[in-house]
Amino acid sequence: MKSILAVVLTLLNFFLFASAAGGRTDYPPSCEQCDPLPPNNHCDITTSCIRTEPTGQYHCACRAGYKAAGSDTDGSLQYRTNFGGQEYRVFVRPGVVCDTLCDEYWLGPQSCAEIPVRPECS
């Protein structure tokens, strides 16, 4: 009986804390990587699993000028990195579709500026 009561009180405290914090976290979501081996990478067909630097991380990259549908400011869905020469490239979590043109897709290296940069994902 004590253990059930302890679990109930723990859950109650968790939900009270989460509602007081507005359900927000102050830390960025992790940079979910893909596996570079084609059968294992889980990238959508509209993306490719690439390495962002010679010793960097692997991410699903959208085609130049494209982004995922949805919130442009949600850095957990899509983001750009400080990948030299590819700063315009939008990266997404594995499985996310990139079939929406960026706002100013015609600007080449300056395109997709509406998507946030996440340096920790480089």
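In the predicted model, Cys112 is buried, with a relative accessible area of 0%. A disulfide joins this residue to Cys102, with an S to S distance of 2.0 Å. The torsion about the S-S bond of Cys102 and Cys112 is about 90 degrees, so the disulfide is right-handed. Both Cys102 and Cys112 are located in the segment after β6, ten residues apart. Cys102 is likewise buried, at a relative accessible area of 2%.

The whole structure contains five disulfides. With bonded cysteines counted along the chain, their pattern is 1-10, 2-4, 3-5, 6-7, 8-9. Among them is the pair Cys31 and Cys121, whose sulfur atoms are 1.9 Å apart; the link is left-handed, with -75 degrees about the S-S bond. Cys31 and Cys121 are buried.

A disulfide is also formed by Cys43 and Cys60, with the sulfur atoms 2.0 Å apart. This pair connects the loop between α1 and β1, which holds Cys43, to strand β2 (residues 58-62), which holds Cys60. The link of Cys43 and Cys60 is left-handed, at -85 degrees about the S-S bond. Cys43 is buried at 15% relative accessible area, and Cys60 is buried at 1%.

The backbone nitrogen of Cys43 lies 2.9 Å from a polar side-chain atom of Asn41. Asn41 is found in the loop between α1 (2-20) and β1 (47-51) and is buried, with a relative accessible area of 13%. Beyond its neighbours within four places in sequence, Asn41 is in contact with Cys34, Asp35, Cys49 and Pro94.

Technical notes:
Residues are numbered from 1 along each chain as its sequence is written. This is a predicted model: local features need pLDDT of at least 70, side-chain atom pairs count only at pLDDT 80 or more; totals for chains, interfaces and linings use all residues. Side-chain values use heavy atoms; hydrogens and water are left out. Helices (H or I, at least four residues) and strands (E, at least two) are DSSP runs, numbered from the N terminus. Buried means under 20% relative accessible area, exposed over 50%, partly exposed in between (1.4 Å probe, protein chains only). A polar contact is a pair of N or O atoms within 3.5 Å; within protein, one must be able to donate a hydrogen and the other to accept it, and residues adjacent in sequence count only if both atoms are side-chain atoms. Contact means heavy atoms within 4.5 Å. A disulfide is a pair of cysteine sulfur atoms within 2.5 Å.
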